[in-house]
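Please consult the sequence and the model alongside the text.

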Amino acid sequence: MSEKRALFTTKIGVIAATVGSAVGLGNIWRFPYETGVHGGAAFLFVYLICVFLIGIPVICAEFIVGRGTHKNALGAFKQLQTKPYWQVCSYIGILASLMILSFYSVIAGWTLEYLFQALTGAMASGNTGDFSNKFNEFCTSPWQSTLWTVLFLLINYLVLRRGVEKGIERISNILMPILFVILILFSVNSLLMPKSSEGLAFLFSPDFSKITPTVVVGAMGQAFFSLSLGLSVLLTYSSYFSNQVRLVRSASIIAILDTFVAIISGIIIFPAVFSYGATPEEGPKLVFEIFPSIFSEMPGGYIWSVLFFVLLFFASITSTISMSEISIAFFVEEYKMKRKKATKLTTGVAIVFGVLSALSFGVLSGYTILDMTIFDILNYVSSNILLPIGGILFSIFVGWVVDKDFVKKELTNNGTIKVYTYRIIIFLIRYVAPISIVLIFLSGLNLIRF
Ligand code: PHE
């Protein structure tokens, strides 16, 4: 195809759009609840190791393939390797992106409902017990959360028809910095709460005996999920990078910003959890029970709650846009579908599984496999299994299969820049990332102990 591809126009645009994909409900909703379920600081400790030793090198691997070919996942693998089995990376990405889009939209739908509640002023008054009862009623009702899920997917559908640079870049350029600032303000508010020290101890003072295989598998999955890693989202974004973008530096900035937002979100949530007498092990409902209590006690709660849920909604949609692009591009390229039709198909699949996930908090809660509901299965299998498998494949592909000169050329921008961490990154990509992911899998399956 001779169609000219648009490149991100500014350096900030590159970072902002990629951070837009990475920062989302994964940081603000999933990180606190996973940390809560898995014992707090011990989980955070393993999480940080995963981000730096596995996350950054795998981001670089995706960037190398994407920027090096200026193609989306399927096209990139076709160009770099004639052996068709490497395209399995793309298929894993498509499967994972559809699974994530489905359950993610349920939580994004909750965000919309909360935005609605915030606008009506219901969020700025009330107490923790009330909020939690009301929320339970809401998410177990057979139609309420279903409707919000579908509404969110329809909005996502409309945005997707506007194209890469205009839609994504503009929205995320303006809103992400505002989100950072208000999260920092909220964290100061939480630090002033009566039991903030208990919350901080839970988050930052690790009890290493709590590190079990389940915790490690969960932390690795959270790192992949939060960085949008292993499903070719970053590959696709980097295919729009210009040749001047420094890949290792960008990867590190993205990982650091993303982790920063997650930790700030922990600093907001845990002091509040302890101060309001809630429990950290609440699971997916945790932050939706805690945020309303925070707002009802905060001066100016009405404005803060509206602003926060608007921003959270945008943070979510920049993430869902990025994951939707994966399957849309696939349908367009592989089945020669029109973009419109591919967007409809992606949305349709997500609506079916999204509705099933929404209902799994209520009427379908009895349908479980290994104690996991439909929502839990989509969430667990995509983040903890598919994305890390994608990570193994990417690191092996770039570390061992692709031509070494190609890798070097990409990392050093064709020899024009000096990358001091070059050898370290290569070592992490070739050995550390794939081997640790495999070891973590084996320990999760109880095949090895550490
Ligand atoms: N990283 C996004 C978040 O934290 C979620 C996501 C996962 C986006 C996978 C794209 C792909 O919310």
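## Terms and model

On a 1 Å grid over the protein atoms alone, a cavity is a set of points where a 1.4 Å probe fits but cannot get out; a pocket is an open set with protein on both sides within 12 Å along at least five of seven lines, and lining residues have an atom within 4 Å of a point. Grid points are joined across faces, edges and corners, and a volume is the space filled by probe spheres set on the points.

The model is predicted: local features need pLDDT of at least 70 and side-chain atom pairs pLDDT 80 or more, while totals for chains, interfaces and linings use all residues. Residues are numbered from 1 along each chain as its sequence is written, and side-chain values use heavy atoms, with hydrogens and water left out.

## The largest cavity

Five cavities of 30 Å³ or more are found in the whole structure. The largest cavity holds about 130 Å³ of space. It is lined by 15 residues, with Ser21, Ile100, Phe225, Ser228 and Met323 closest to its centre. The lining comprises eight nonpolar, seven polar and no charged residues; Ala, Val, Leu, Ile, Met, Phe, Trp, Tyr, Cys and Pro count as nonpolar, Asp, Glu, Lys and Arg as charged, and the others, Gly among them, as polar.

## The ligand

The ligand sits in the largest cavity, in the sense that more than half of its atoms lie within 2 Å of the grid points. Around the ligand are 16 residues, the closest being Ala22, Gly26, Tyr104, Phe225 and Ser228; a residue is included if one of its heavy atoms lies within 4 Å.

Polar contacts are pairs of N or O atoms within 3.5 Å. A polar side-chain atom of Ser228 is 3.0 Å from a ligand nitrogen, and a polar backbone atom of Leu25 is 3.2 Å from a ligand oxygen. The protein covers 100% of the 320 Å² of accessible area that the ligand has on its own, by the Shrake-Rupley method with a 1.4 Å probe.

## The second largest cavity

About 80 Å³ of space lies in the second largest cavity. Its lining includes Asn72, Ser90, Thr236 and Glu325. H14 provides the largest share here, four residues. By class, the lining has six nonpolar, four polar and one charged residue.

Notes
A polar contact is a pair of N or O atoms within 3.5 Å; within protein, one must be able to donate a hydrogen and the other to accept it, and residues adjacent in sequence count only if both atoms are side-chain atoms. Helices (H or I, at least four residues) and strands (E, at least two) are DSSP runs, numbered from the N terminus.
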